[in-house]
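Please look through the sequence and the 3D view first, then read on topic by topic.

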Amino acid sequence: MTRGAPSRKALAAALVLGLSATVAACGPGDGDGGGEEKDGGRPKLSVSGAYLPQPSMDDMAAGFLTVRNAGAGADRLTSVSTPLAAEVTLHHTAGNRMKQVSALDVPANGRLELASGGDHLMLTKLTHRPKVGEKVEFTLRFANSDPIEIKVPVEPTTYRPKD
């Protein structure tokens, strides 16, 4: 047993070093794209289920949507803009508390859900009060992915999407 111990330790050390180099080579940020077989740990984002309830106030509205990530790399929604509002802020809701945040996580192989009673977009200083049936342009910006432009329908104030 003593005789084989040093070579097992050496083998284990070599294996750890080799795995460390492999993990480092696959990490985010290398950006060369060379030889990637799948998505190389990059996010692959799409947006669905977006809607804007007709606001009950003239100067403020909330927006909801789902960002799906089919990629192996996580991302973050960092900002949203629309011609409808002077400002769009991101809000995280925990329990009964709503807090403005600088970004919202979009997990790898997961989704970010912005829904009534949860995380959401807050639009302030509206240019006009949108009517049901109107489509509002939004641009979503992310930490790692290209911006996504969508058209969001205005729904009745009491609208709730089906699960």
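**Meet the model**

Lysine 125 lies in strand 8. This is a predicted model, in which local features need pLDDT of at least 70 and side-chain atom pairs count only at pLDDT 80 or more, while totals for chains, interfaces and linings use all residues. Residues are numbered from 1 along each chain as its sequence is written, and side-chain values use heavy atoms, with hydrogens and water left out.

**Overall layout**

- The protein has one helix and ten strands; helices (H or I, at least four residues) and strands (E, at least two) are DSSP runs, numbered from the N terminus.
- Along the sequence, the pattern reads α-β-β-β-β-β-β-β-β-β-β.
- Of the 163 residues in the protein, 31% are buried. Here, buried means under 20% relative accessible area, exposed means over 50%, and partly exposed lies in between (1.4 Å probe, protein chains only).

**Strands side by side**

- Strand 3 (residues 75-81) pairs with strand 6 (residues 104-106) in the antiparallel sense, over three bridges. Two strands pair if DSSP finds at least two bridges between them.
- Within this pairing, leucine 77 has leucine 104 in strand 6 as its bridge partner.
- Strand 3 is also joined to strand 9 (residues 135-142) by four bridges, and these two strands run antiparallel.
- Opposite serine 79 stands arginine 141 in strand 9.
- As background, side chains in a regular strand alternate between the two faces of the sheet.

**Salt bridges**

- How many salt bridges does a search of the whole structure find? The search finds three, where a salt bridge is a side-chain nitrogen of Lys or Arg within 4 Å of a carboxyl oxygen of Asp or Glu.
- One of them links arginine 129 and aspartate 58, with the closest N and O atoms 3.8 Å apart. Arginine 129 lies in the loop between strand 8 (120-126) and strand 9, and aspartate 58 in the loop between strand 1 and strand 2, so the pair ties together parts that are 71 residues apart in sequence. Arginine 129 is partly exposed at 38% relative accessible area, whereas aspartate 58 is exposed at 54%.
- Arginine 76 and aspartate 105 form another, their closest N and O atoms being 2.3 Å apart. Because arginine 76 lies in strand 3 and aspartate 105 in strand 6, this pair ties together parts that are 29 residues apart in sequence. Arginine 76 is partly exposed, with 34% relative accessibility, and aspartate 105 is partly exposed, with a relative accessible area of 48%.
- Arginine 111 forms a salt bridge with glutamate 113, where the closest N and O atoms are 2.9 Å apart. Arginine 111 counts as partly exposed at 43% relative accessibility, and glutamate 113 is partly exposed at 40%.

**The second largest pocket**

- The second largest pocket holds about 340 Å³ of space. On a 1 Å grid over the protein atoms alone, a pocket is an open set of points where a 1.4 Å probe fits, with protein on both sides within 12 Å along at least five of seven lines; lining residues have an atom within 4 Å of a point. Grid points are joined across faces, edges and corners, and the volume is the space filled by probe spheres set on the points.
- Which residues lie nearest the centre of this pocket? They are Thr66, Glu113, Ala115, Pro161 and Lys162, from a lining of 16 residues.
- Strand 1 (45-53), strand 2 (60-69) and strand 7 (110-114) each supply at least two lining residues. Strand 2 gives the largest share, four residues.
- By class, the lining has seven nonpolar, four polar and five charged residues. Ala, Val, Leu, Ile, Met, Phe, Trp, Tyr, Cys and Pro count as nonpolar, Asp, Glu, Lys and Arg as charged, and the others, Gly among them, as polar.

**Backbone angles worth a look**

- Most residues other than glycine have a negative phi.
- Asparagine 109, in the loop between strand 6 and strand 7, has a positive phi near 50°. Asparagine 109 is exposed, at 57% relative accessible area.
- Lysine 125 also has a positive phi, near 55°, and counts as exposed at 58% relative accessibility.

**A histidine in strand 4**

- Is histidine 91 buried or exposed? Histidine 91 lies in strand 4 (residues 85-94) and is buried, with a relative accessible area of 7%.
- The side chains of histidine 91 and threonine 89 are joined by a polar contact of 3.4 Å. A polar contact is a pair of N or O atoms within 3.5 Å; within protein, one must be able to donate a hydrogen and the other to accept it, and residues adjacent in sequence count only if both atoms are side-chain atoms.
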